[in-house]
Amino acid sequence: MRILITNDDGVNAPGIAVLERIARTLSDDVWIVAPETDQSGVGHSVSMSEPFRLRKLADKHYTINGTPADCIIMGIRHVLDKAPDLILSGVNAGHNIAQYVTYSGTVGGALEGTIMGIRSIALSQHYNYEQDTKTVPWNVVEALAPALLKKLVHTKMPKDTLLNVNFPSCDVNDVKGTRVTEQGRIEHGLTMTERADARGKQYFWLGFFPTDAEPNPNSDFSAINDGYISVTPIKLDLTAREVTQSLEDLLSGS
C-alpha cells in the first residue's frame with residue numbers, strides 16, 4: 001500500500017513525524033509532501049496566484065511553499081509516479097471538530113485527496129494547557145492510531161467521503177474506546193485583538209478562545225471530552241436537501 005502524508009502545521013512539526021511512524025506500521029511505501037510553514041486555518045484553499053517551489057529533503061520527503069491541498073496535488077500530479085492508495089493528513093496539534101473543520105488545513109488536505117478519488121483520513125490530537133504551557137500527548141495517537149487505521153483502511157466507504165479522526169487528551173490507558181460521531185456545533189470562538197507595534201501603528205491578531213458546545217451526545221466534541229476517539233465521516237456534497245423543495249415551491253412562479 002502506498003501512503004501519501006501531508007499536514008498543516010508544517011514539515012518540521014512533531015505531528016508529521018508521529019504520523020510517519022504510524023504510517024510505517026501499515027506500509028513501507030510512505031511519502032511525505034508537506035508545507036514549508038504553518039498553514040493552520042487555511043482550510044481547503046489552493047494557491048492560484050503564485051508559483052510553487054518544490055524541495056526534496058530526503059528520500060520520499062518533500063516540501064513546498066503551499067497549502068495542504070497544494071501538497072496533495074503536487075504529490076499526486078508530480079512527485080509520485082503513480083497515485084497513492086491512502087492519504088493521511090496530520091497529526092494536527094489540537095482537535096479539528098464541529099464547524100471548525102471548515103477552517104482546518106488538516107481536513108483540507110484530506111478533502112483534496114477525496115476529490116481526487118483516494119481514500120483519505122485526517123488525524124488530530126487534542127491537547128490541554130498545564131501551567132500556561134500547551135501539552136500535546138502525542139503518545140496517545142501514536143499508540144492507538146495504528147490498530148484503528150488498520151480497520152478503517154479496509155472499511156467500505158461511499159464515494160466522496162473522508163474520515164476525520166480526533167484523539168482525546170488524556171493518558172493512553174484512560175481512553176475509553178472509539179465512537180462514530182457527527183459534527184458538533186460550538187459557539188464561535190474567533191476574536192479580533194487590536195494591538196500596536198513599536199512605532200505605534202495599529203495591527204490585529206485573529207485569536208481562538210475555548211467556547212461552549214451545543215448539547216449533543218453523538219458529537220465529535222462530546223466524544224473527545226468524554227475520553228473517546230472520535231471518528232466522523234464527512235461528505236464532499238454540501239447540498240442542504242431539506243430545503244430544496246421549499247425553494248422550488250418559492251421559485252416555481254418566477
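User: Which charged end sits over the ring of Y127?

Analyst: The charged end of K134 does, 4.9 Å from the ring centre. A charge counts as sitting over a ring if NZ of Lys or CZ of Arg is within 6 Å of the ring centre and within 35 degrees of the ring normal. Before we go on, this is a predicted model, where local features need pLDDT of at least 70 and side-chain atom pairs count only at pLDDT 80 or more, while totals for chains, interfaces and linings use all residues. Residues are numbered from 1 along each chain as its sequence is written, and side-chain values use heavy atoms, leaving out hydrogens and water.

User: Thanks! And what lies over the face of Y228?

Analyst: That's R179, at 4.1 Å from the ring centre.

User: How many aromatic pairs are there?

Analyst: The structure holds two. In Y100 and Y103 the ring centres are 5.5 Å apart and the planes meet at 35 degrees, so this pair is tilted. The rule is that rings of Phe, Tyr and Trp (its six-membered ring) pair if their centres lie within 6.5 Å; planes under 30 degrees apart are stacked, over 60 edge-to-face, and the rest tilted. Y127 and Y129 also form a pair, an edge-to-face one with 5.8 Å centre to centre and 80 degrees between the planes.

User: Is Y100 buried or exposed?

Analyst: Y100 is buried, at 9% relative accessibility. The cut-offs are under 20% relative accessible area for buried, over 50% for exposed and partly exposed in between, with a 1.4 Å probe and protein chains only.

User: OK, strands now. What covers the faces of β4?

Analyst: Both faces are covered: H61 and T63 are buried on one side, Y62 and I64 on the other. In a regular strand the side chains alternate between the two faces of the sheet. Strands here are DSSP runs of E with at least two residues, helices are runs of H or I with at least four, and both are numbered from the N terminus.

User: Which way do β2 and β4 run, parallel or antiparallel?

Analyst: Parallel, with four bridges joining β2 (residues 29-35) to β4. Strands pair if DSSP finds at least two bridges between them. T63 in β4 is the bridge partner of A34.

User: And what about β3 with β4?

Analyst: Those pair in the antiparallel sense, over four bridges, and R55 stands opposite T63. The two strands form a hairpin with two residues between them.

User: Where is K60, and what's its phi?

Analyst: K60 is in the loop between β3 (54-58) and β4 (61-64). Its phi is near 65 degrees, a positive value in a residue other than glycine. D160, in the loop between α4 and β9 (161-167), has a positive phi of about 65 degrees too, although it is not a glycine.

User: Which peptide bond is cis?

Analyst: The one from G90 to V91, with omega near -15 degrees. V91 is in strand β5 (residues 86-93).

User: Last one: where does A147 lie?

Analyst: A147 lies in helix α4 (residues 138-152) and is partly exposed at 49% relative accessible area. A147 and I22 are 125 residues apart in sequence and 9.5 Å apart in space, C-alpha to C-alpha.
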